[in-house]
Amino acid sequence: MTELEDGSRLAGVPDEFQRLWTPHRMAYIQAGPQPLRDACPFCEAPKHPDEERLIVARGETAFVVLNLFPYNSGHLLVCPYRHIGTYDQATPEEVAEIGALTQTGMRVLREVAHCDGFNLGMNQGEVAGAGVAAHLHQHIVPRWATDANFFPIIAKTKALPQLLDEIREAVANAWPGCSAGSGAQEG
């Protein structure tokens, strides 16, 4: 048998080398230090099909989208439709729906990703670390007891085991009220 016929030596087949496949990061790398700045990505996303913009669920005043540059697989963002920069600018209805969507997002991620915990947070303002400072968004970052390793500390690298479209489909299909296979409703 030639080396070409021996499938155990092909790329993607487990061997002694560990590979990190993160093809979705190429958009971030190619965009440079200021990606997606011509238009607000959170204002633009709801204008497009859910699958195209990684939207998981839509509410009346807010929606849930996968983070295009996630800290962990399944990293969700809950955003109001209105272009506001800080939590104190949100209406009571927006606050309530952001909270409800956050809770549902946590429940769904526990079901589909089997995570052990979460980091929740809002970075408000560029000085506070907000990547998109002009549009309020709540982070839901799933965490696992076994996800701590040396990559983030030593190599400043995060291993993401799922592609964004795969996790979007799993989360959208598990979201309460969605019709099987269609994901979140189109808005």
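This is a walk through one protein chain, from its overall layout to a few pairs of residues.

The model is predicted, so local features need pLDDT of at least 70 and side-chain atom pairs count only at pLDDT 80 or more, while totals for chains, interfaces and linings use all residues. Residues are numbered from 1 along each chain as its sequence is written, and side-chain values use heavy atoms, with hydrogens and water left out.

Let us start with the layout. The chain has 6 helices and 5 strands. Here helices (H or I, at least four residues) and strands (E, at least two) are DSSP runs, numbered from the N terminus. Of the 187 residues in the chain, 36% are buried. Buried means under 20% relative accessible area, exposed means over 50%, and partly exposed lies in between (1.4 Å probe, protein chains only). A contact means heavy atoms within 4.5 Å. Among the contacts in the chain with a separation of 6 or more, 62% are between residues 24 or more positions apart.

Next, look inside. A nonpolar core is a set of buried Ala, Val, Leu, Ile, Met, Phe, Trp, Tyr and Cys residues joined through side-chain atoms within 4.5 Å. The largest one here holds 34 residues, and V56, V64 and W175 have the most contacts inside it. Two or more residues of this core come from each of β1 (55–58), β2, β3, α4 and α6.

Which residues of α6 are buried? They are L164, I167, R168, V171, A172 and A174. These residues cover an arc of only 165° around the axis, so they sit on the same side of α6. The arc is that of the directions from the helix axis to the C-beta atoms. The buried residues of α6 pack against α3, β1, β2 and α4. N173 also lies in helix α6, but N173 is partly exposed, with a relative accessible area of 30%. The C-alpha atoms of N173 and V108 are separated by 9.5 Å, and these two residues are 65 residues apart along the chain.

Now for charged partners. Side chains of opposite charge can pair when their charged atoms come close. A salt bridge is a side-chain nitrogen of Lys or Arg within 4 Å of a carboxyl oxygen of Asp or Glu. By this rule there are 5 salt bridges. One of them joins E51 and R168, at 3.5 Å from N to O. E51 is in helix α3 (residues 50–53) and R168 is in helix α6 (residues 164–174), so this pair ties together parts that are 117 residues apart in sequence. E51 is partly exposed at 40% relative accessible area, whereas R168 is buried at 5%.

Another salt bridge links the side chains of D50 and R58, at 2.6 Å from N to O. Are D50 and R58 buried or exposed? D50 is buried, with a relative accessible area of 0%, and R58 is buried too, at 13%. The salt bridge between E44 and K47 spans 3.2 Å from N to O. E44 is partly exposed at 24%, while K47 counts as exposed at 60% relative accessibility.

A pair of aromatic rings is described by the distance of the centres and the angle of the planes. Rings of Phe, Tyr and Trp (its six-membered ring) pair if their centres lie within 6.5 Å; planes under 30 degrees apart count as stacked, over 60 as edge-to-face and the rest as tilted. The structure holds 1 aromatic pair. The rings of F63 and Y81 have centres 5.3 Å apart and planes at 25°, so this pair is stacked. F63 belongs to strand β2 (residues 62–66) and Y81 to the loop between β3 (76–80) and α4 (92–113), so the pair ties together parts 18 residues apart in sequence. F63 is buried at 0% relative accessible area, and Y81 is partly exposed at 26%.

Finally, the cysteines. A disulfide is a pair of cysteine sulfur atoms within 2.5 Å, and by this rule the count is 0. C79 is in no disulfide either, since its nearest cysteine sulfur, that of C40, is 8.1 Å away. C43 counts as partly exposed at 24% relative accessibility, whereas C79 is buried at 0%.
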